[in-house]
Amino acid sequence: MMDVADLRREYCRGGLHRADLPSDPLALFEKWLAQACEAKLTDPTAMVVATVDANGQPWQRTVLLKHYDAQGMVFYTNMGSRKAHQLEGNPRISLLFPWHTLDRQVHVTGRVEKMSTFEVMKYFHSRPKDSQIAAWVSKQSTRISARGVLEAKFLELKQKFANGEVPLPSFWGGFRVVIETVEFWQGGEHRLHDRFYYTRDGDGWHIERLAP
């Protein structure tokens with residue numbers, strides 16, 4: 001097996017200082033996201049979404065962030081998917097933005113609430129038509145016999161909806177993550193990383209520095 005113990009590198013892209021932190025974590029998140037886009041990172045809005053099933057088993061998958069504001073962070077999914085079922089049973093969630101090229105990570109925790117039908121419909125119809133059709137094709141997380149099953153169904157529905165609007169599937173929706181904590185991690189030399197932890201405190205935020 002490959003020996004991975006000695007695969008390492010130094011983190012030397014600069015530090016993160018307490019005096020430079022805004023009072024609102026979303027302000028720093030927006031700055032870092034903009035810099036990730038400017039650096040042309042692949043999928044800068046990709047985030048690892050962690051949920052927990054009824055047996056206490058954690059699950060993770062990568063999902064794209066589709067909106068964020070003071071109300072929270074938004075993503076969309078098939079409501080019959082594994083993650084949606086797990087969030088129905090336990091609304092606690094963790095998000096991780098792994099911007100490795102910039103030696104940065106952002107970790108968010110909170111709880112989810114379902115998006116309204118109006119919000120879901122507005123976003124659904126902003127998607128490319130093929131993506132709308134694909135939402136109808138896949139019963140996410142269910143077992144299938146072969147990829148050809150999906151491709152055949154996609155072609156069938158593409159013909160069906162060729163001359164009209166693709167309706168919103170009843171099983172497709174979105175979640176808003178109501179943010180409770182945000183941690184910013186900036187890699188540092190000699191593994192002396194900078195970590196700052198924001199915790200919601202009433203209408204504001206409490207900020208702490210964490211040891212690396």
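These exercises work through the strands, cores, salt bridges and backbone of one predicted model.

Residues are numbered from 1 along each chain as its sequence is written. In this predicted model, local features need pLDDT of at least 70, side-chain atom pairs count only at pLDDT 80 or more, totals for chains, interfaces and linings use all residues, and side-chain values use heavy atoms, with hydrogens and water left out.

**Exercise 1. Strand order**

Solution: 
- Helices (H or I, at least four residues) and strands (E, at least two) are DSSP runs, numbered from the N terminus. Two strands pair if DSSP finds at least two bridges between them.
- Step 1. Arg 111 stands opposite Val 178.
- Step 2. Gln 186 has Asp 194 as its bridge partner.
- Step 3. β7 also pairs with β4 (residues 72-78), antiparallel, over six bridges. Asn 78 has Trp 172 as its bridge partner in β7.

**Exercise 2. Cover of β7**

Task: How many residues of β7 are buried?

Solution: 
- Step 1. Set the cut-offs: buried means under 20% relative accessible area, exposed over 50%, partly exposed in between (1.4 Å probe, protein chains only).
- Step 2. Count: 14 of the 15 residues of β7 are buried.
- Step 3. Check one residue. Arg 176 counts as buried because its relative accessibility is 11%.

**Exercise 3. The nonpolar cores**

Task: Which residues have the most contacts inside the largest nonpolar core?

Solution: 
- Step 1. A nonpolar core is a set of buried Ala, Val, Leu, Ile, Met, Phe, Trp, Tyr and Cys residues joined through side-chain atoms within 4.5 Å.
- Step 2. The largest core has 34 residues; Phe 29, Met 73, Phe 75, Phe 97, Trp 99, Val 106 and Phe 184 have the most contacts inside it. Helix α1 (residues 25-38) gives this core its largest share, six residues.
- Step 3. Apart from it lies another core, of 13 residues, including Tyr 76, Phe 124, Phe 161 and Val 166.
- Step 4. Take Val 106. Contact means heavy atoms within 4.5 Å. Setting aside residues up to four places away in sequence, Val 106 touches Phe 29, Trp 32, Leu 95, Leu 96, Phe 97, Trp 99, Val 182, Glu 183 and Phe 184.

**Exercise 4. Trp 32**

Task: Is Trp 32 buried or exposed, and what does it touch?

Solution: 
- Step 1. Trp 32 lies in helix α1. Its relative accessibility is 2%, so Trp 32 counts as buried.
- Step 2. Beyond four places in sequence, Trp 32 touches Leu 16, Trp 99, Arg 104, Gln 105, Val 106, Phe 184, Trp 185 and Gln 186.
- Step 3. Trp 32 and Phe 184 are 152 residues apart in sequence, with C-alpha atoms 9.7 Å apart.

**Exercise 5. Salt bridges**

Solution: 
- Step 1. A salt bridge is a side-chain nitrogen of Lys or Arg within 4 Å of a carboxyl oxygen of Asp or Glu. The structure holds eleven.
- Step 2. In the pair of Glu 119 and Arg 176, the closest N and O atoms are 2.8 Å apart. Glu 119 lies in helix α3 (residues 117-124) and Arg 176 in β7, so the pair ties together parts 57 residues apart in sequence.
- Step 3. Arg 147 is exposed at 61% relative accessibility, and Glu 151 is partly exposed at 40%.

**Exercise 6. Positive phi**

Task: Where do Asp 43 and Arg 191 lie?

Solution: 
- Step 1. Most residues other than glycine have a negative phi.
- Step 2. Asp 43 has a positive phi, near 50 degrees. Asp 43 lies in the loop between α1 and β1 (46-52).
- Step 3. Arg 191 has a positive phi of about 65 degrees. Arg 191 lies in the loop between β7 (172-186) and β8 (194-201).
- Step 4. In the hairpin of β5 and β6, with four residues between the strands, Asp 103 takes a positive phi near 55 degrees.
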